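User: I would like to go through this model by question and answer, with the cut-offs stated for each term.

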Amino acid sequence: MCMISIKQNLDGYIQLQWRCILDTGEQKVSENDTILTVKRLVEEKLQVPVAQQRLLFRGKALSDEYSLSFYSIGPDSRLNLMVKERTPPEMGGNTVWKSLAVILGRHFNPSDAERILECVQKDYERSLSLLSLDDVERLATRILHPQLPESIDLGFLD
């Protein structure tokens, strides 16, 4: 875990200062920068992939698309960086993600392809986390017993 402190800078920007077990440093950012921008800076400086980062402010996780100012993060604020160990979903030995990465690599530059793949993986994980046990049971019933009438409510699959 890292502690990120925010200090006011004389030129109108704010200064991120981090203290981690293995590293300390500083980086200039604007209050209008998004959380994703901050995560990318952390990735650049600490070599922690964006997908493994979780920034917390006052105990709440911050969403990538919002700015620092949206959360009222300014001078004298503190962020906590949680690094989660990422275990990508196992789908055929990860061949789905590898295949998708190859396809994206053919159509986009490497950094864009990586960002798109990361978003697809996040969306996939989010979708799975939203399934209830009832949803899983209905899905299993549909797979194991396809002969059952469609009158059973399986609308969540469509």
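Analyst: Arg58 is exposed, with a relative accessible area of 71%; buried means under 20%, exposed over 50% and partly exposed in between, with a 1.4 Å probe and protein chains only. This is a predicted model, in which local features need pLDDT of at least 70 and side-chain atom pairs count only at pLDDT 80 or more, while totals for chains, interfaces and linings use all residues. Residues are numbered from 1 along each chain as its sequence is written, and side-chain values use heavy atoms, with hydrogens and water left out.

User: In which loop does Arg58 lie?

Analyst: Arg58 is not a glycine, yet it has a positive phi of about 55 degrees. Helices (H or I, at least four residues) and strands (E, at least two) are DSSP runs, numbered from the N terminus. On that numbering, Arg58 belongs to the loop between β4 and β5 (60-61).

User: Is Ser72 buried or exposed?

Analyst: Ser72 is found in the loop between β5 and β6. Its phi is near 60 degrees, a positive value in a residue other than glycine. The relative accessible area of Ser72 is 56%, so Ser72 is exposed.

User: What pattern does the protein follow along the sequence?

Analyst: The secondary structure comes to 4 helices and 6 strands. Read along the sequence, these follow β-β-β-α-β-β-β-α-α-α.

User: Is Lys39 buried or exposed?

Analyst: Lys39 lies in helix α1. Not counting residues up to four places away in sequence, Lys39 touches Val50, Gln53, Leu55, Leu62 and Asp64, where contact means heavy atoms within 4.5 Å. Leu62, leaving aside its neighbours within four places, is in contact with residues including Lys39, Ile35, Tyr71 and Ile73. Because its relative accessibility is 5%, Lys39 counts as buried.

User: Which residues do ring pairs link into a cluster?

Analyst: Rings of Phe, Tyr and Trp (its six-membered ring) pair if their centres lie within 6.5 Å; planes under 30 degrees apart count as stacked, over 60 as edge-to-face and the rest as tilted. Tyr66 and Tyr71 form an edge-to-face pair, 6.0 Å centre to centre with 85 degrees between the planes, and Phe70 and Tyr71 form another edge-to-face pair, at 5.1 Å and 90 degrees. Tyr71 is buried at 18% relative accessible area, whereas Tyr66 is partly exposed at 33%. The cluster linked by ring pairs consists of Tyr66, Phe70 and Tyr71.

User: At what angle do helix α2 and helix α3 pack, and how many Å apart are their axes?

Analyst: Two packed helices are described by the angle between their axes and the distance between the axes. Axes are lines fitted to C-alpha atoms, for helices over the stretch in contact, and angles run from 0 to 180 degrees between N-to-C directions. For helix α2 (residues 95-107) and helix α3 (residues 110-130), the angle is about 145 degrees and the axes are 9 Å apart.
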